Amino acid sequence: MKIKIFLSLLISSVLLYSCGDETLPKPKGMLRLEYPEASYTSIKDTCPYFFSKNKEAEISVSDNCAITVNYPKMNASIFITYKPVNDDLNKLLRDAQKLTYEHVAKADNIQEQPFINVDNKVYGMFYLVTGNAASASQFYVTDSTSHFLTGSLYFNTKPNYDSVLPAAQYIEKDIRKIMETIRWK
């Protein structure tokens, strides 16, 4: 009899405590990355060109006017290379396009977006690279007579498109700003 009373109490207590709110699985979380509003400052150096860069970025300039724009918080860099045009514009254009299309093996898509600023004699191409390619975007600009500039965005991590996408989109706006503000000396 004592066992029946004990079992009845046990079953009653289990039923009372289990009748709560229905337990639902947690919804999947999404990583929310927020970056500061971009503000820009002009870079003027001894190089034959200048442009505006994001104040969040740090720059280093080499002797041959190559510039590295570092984003330490995003673990990324834009590598900018300058070459004077010496009757070799076609070769420089082919080399820039070849560098971009070397990523086609890992890229899902490479989208070309022409850039033309007739007033400041800046002509170029922006390449948006989607997928797990090493470079998320690339560009070149030229005045077609004297100056040629290429740039590539790289993250200091193994390529994973979904993980770097928010940072890549943020820096993509900075690359477009660089292209829009390039001026030749």
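**Strands, cores and a crossing helix**

In this predicted model, strand S4 (residues 67-71) and strand S5 (residues 76-84) run antiparallel and are joined by five bridges. One of the residues involved is Asn-70, whose bridge partner in S5 is Ser-77. Four residues lie between the two strands of this hairpin, and Asn-75 there adopts a positive phi near 60 degrees.

S5 also pairs with strand S9 (residues 147-155); the two run antiparallel, with nine bridges between them. Here Thr-81 has Thr-150 of S9 as its bridge partner. Beyond S9, the chain passes through a loop to helix H3 (161-181), and Lys-158 is located in that loop. Is Lys-158 buried or exposed? Lys-158 counts as exposed because its relative accessible area is 71%, and the cut-off for exposed is over 50%. Between the C-alpha atoms of Lys-158 and Ala-133 the distance is 9.3 Å, and 25 residues separate the two in sequence.

A further set of strands forms an open sheet of three, in the order S1-S2-S10, with antiparallel pairing. Four bridges hold S1 and S2 in the antiparallel sense. Within this pair, Ile-43 has Phe-51 of S2 as its bridge partner. Helix H3 lies across S1, S2 and S10, and runs at about 150 degrees to S2.

The interior can be considered next. In soluble globular proteins, nonpolar side chains tend to be buried together. In this model, the largest nonpolar core has 33 residues, of which Tyr-49, Ile-78, Ile-80, Phe-139, Phe-155, Ile-171 and Ile-182 touch the most other members. At least two residues of this core come from each of strand S2 (49-54), S4, S5, strand S7 (122-131), strand S8 (135-142), S9 and H3. Which of the elements gives the most to this core? The answer is H3, which provides eight residues.

With residues up to four places away in sequence left out, Tyr-49 touches Cys-65, Ile-67, Ile-80, Tyr-82, Leu-149, Ile-182, Arg-183, Trp-184 and Lys-185.

Methods
Residues numbered from 1 in each chain as written. Predicted model: local features only at pLDDT ≥ 70, side-chain atom pairs only at ≥ 80, totals over all residues. Heavy atoms only, no water. Pairing = 2+ DSSP bridges. Buried < 20%, exposed > 50% of the residue type's maximum accessible area, 1.4 Å probe, protein only. Core = buried A, V, L, I, M, F, W, Y, C linked by side-chain atoms within 4.5 Å. Contact = heavy atoms within 4.5 Å. Axes fitted to C-alpha atoms, helices over the stretch in contact; angles between N-to-C directions.
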